[in-house]
Amino acid sequence: MNEMEDVYSREKVIVRTSVIGIIANVFLASFKAFVGFLSNSIAIILDAVNNMSDMVSSIITIIGTKLAGKAPSKKHPMGYGRIEYLSAMLVSAIVLYAGIMSLIESVKKLISPAEPEHTSLSFIVMGVAVLVKLVLGTYVKKKGVEVNSGSLIASGSDALFDSIISGSVLICAVIFVITGVNLEAYVGLLISVIIIKAGVELLMDSIDEIIGKRIDLETVTSIKQAVCEEEQVHGAFDLDIHNYGPDTYLGSIHVEVDDTMSAGEIDGMIRRIQSRVYKKTGIYLESVTIYAVNTQNPEIIKMKEKVREIVLGHEGANSLHGFYVDMENHIIRFDYVTSFDNANKDELYESICQAIKNEYPEYDLIVARDYDIS
């Protein structure tokens with residue numbers, strides 16, 4: 001299956017799952033509305049309206065997926081994949097809104113408690129709602145995880161929370177009928193807090209994706225292992241991955257190779273690296289930058305170890321790579337890595353450069369300060 005077929009298959013899964021969600025909510029809304037009008041129960045009718053609002057989540061997911069699947073254009077050459085994160089934000093906001101509304105209603109019931117009225121019909125409605133929402137939520141969330149769709153995951157979570165709410169109301173109703181103790185407001189309060197927390201987390205996940213977040217260690221390790229399968233590569237560094245939508249990633253990496261390699265050999269190596277990494281991870285390395293490693297002068301090895309000792313002797317410097325000495329022009333160049341939480345980045349840089357200059361005054365320095373981005 002090629003890349004376009006993968007994208008099309010993923011879109012089909014998202015749309016099909018969302019349509020199932022719409023059908024299920026139409027069924028629940030129709031059933032509840034019928035029973036509500038039949039029993040003259042405003043609570044059941046309002047619950048039917050809530051199911052209609054749940055349909056909005058599925059509709060937003062479908063629209064977001066369709067828009068995200070548009071072909072790249074001159075204005076947006078990297079495509080429209082990030083629209084999915086915006087649709088996931090909207091669905092997350094719906095979850096958050098549901099939690100806030102549930103919290104408000106629970107507080108009202110605590111302030112002005114009213115004795116609930118339950119009939120066999122209301123028990124049937126709540127039981128059906130719990131079952132349908134539980135199955136629907138589990139299915140939708142599972143599909144969302146399978147195809148990496150934040151909107152589906154949020155919609156599935158919303159349905160699962162609805163099942164929890166309906167289930168808790170059902171349990172409280174049974175307890176009230178048996179013991180006369182009304183726990184509905186207290187349970188509603190607890191569940192509302194859980195829903196709000198989940199809504200915020202889902203919202204923040206989408207925001208993190210839009211801003212750009214650190215790639216997971218497993219993927220980093222997999223990419224670097226694939227790169228280092230090349231015999232000519234001495235090390236892989238500075239892996240940088242950019243996300244342009246779920247499952248759409250572009251990256252760049254730096255590799256160390258012998259300074260005796262020809263341009264033709266380097267070109268062939270880079271193409272093999274790009275192909276291997278893409279097949280293994282689905283990530284395309286659009287840029288593979290070369291660091292040359294000295295192979296002609298053994299004295300440079302001693303210089304490298306001395307410079308490494310100086311750099312790593314500074315607190316805040318984590319590692320060193322890309323070391324090369326241009327003997328003819330008297331230039332030492334290398335990169336060192338520091339962490340984002342280092343508060344004295346500029347002082348560290350000046351201190352490292354000065355210490356190396358003191359050791360090798362006849363050399364000019366080209367020092368790049370890298371951050372621990374992956």
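Helices (H or I, at least four residues) and strands (E, at least two) are DSSP runs, numbered from the N terminus. The model is predicted, with residues numbered from 1 along each chain as its sequence is written. Local features need pLDDT of at least 70, side-chain atom pairs count only at pLDDT 80 or more, totals for chains, interfaces and linings use all residues, and side-chain values use heavy atoms, with hydrogens and water left out.

N148 sits in the loop between α4 (120-146) and α5 (150-179). Its phi is positive, about 55°, although N148 is not a glycine. N148 is partly exposed, at 33% relative accessibility. Here buried means under 20% relative accessible area, exposed over 50%, and partly exposed in between (1.4 Å probe, protein chains only). H330 lies in the loop between β4 and β5. Its phi is also positive, near 55°, and H330 is not glycine. The relative accessible area of H330 is 35%, so H330 counts as partly exposed.

Two helices pack against each other. Two packed helices are described by the angle between their axes and the distance between the axes. The axes of α3 (residues 83-111) and α6 (residues 184-211) come within 8 Å and cross at roughly 160°. The pair is therefore roughly antiparallel. Angles under 35 degrees count as roughly parallel, over 145 as roughly antiparallel, 65 to 115 as roughly perpendicular and the rest as oblique. Axes are lines fitted to C-alpha atoms, for helices over the stretch in contact, and angles run from 0 to 180 degrees between N-to-C directions. The crossing of α3 and α6 is left-handed, meaning that the near helix is turned anticlockwise from the far one by less than a right angle.

S106 belongs to α3. With a relative accessible area of 6%, S106 is buried. Contacts of S106 (heavy atoms within 4.5 Å) include A185, G188, L189 and S192, leaving out residues up to four places away in sequence. S106 and Y186 are 80 residues apart in sequence, yet their C-alpha atoms are 7.1 Å apart.

The largest nonpolar core has 21 residues. Such a core is a set of buried Ala, Val, Leu, Ile, Met, Phe, Trp, Tyr and Cys residues joined through side-chain atoms within 4.5 Å. I223, V227, I253, V255, M269, I273 and L285 touch the most other members. At least two residues each come from α7 (217-227), β1 (235-243), β2 (249-258), α8 (263-281) and β3 (284-293). The largest share, 5 residues, is supplied by α8. Beyond its neighbours within four places in sequence, I253 contacts a set of residues including I223, V227, F237, L239, L285 and V288. A second, separate core of 19 residues includes M303, V307, L348 and I356.

An open sheet of 3 strands runs in the order β4-β5-β6, with mixed pairing. Its edge strands, β4 (317-326) and β6 (364-371), each pair on one side only. The twist averages 15° from one strand to the next. Two strands pair if DSSP finds at least two bridges between them. Strand β5 (residues 331-338) pairs with β6 in the parallel sense over 8 bridges. F334 has V367 in β6 as its bridge partner. Helix α9 (residues 299-312) packs on the sheet and touches β4 and β5, its direction making about 150° with that of β4. Helix α10 (residues 345-359) lies across β4, β5 and β6, at about 150° to β6.
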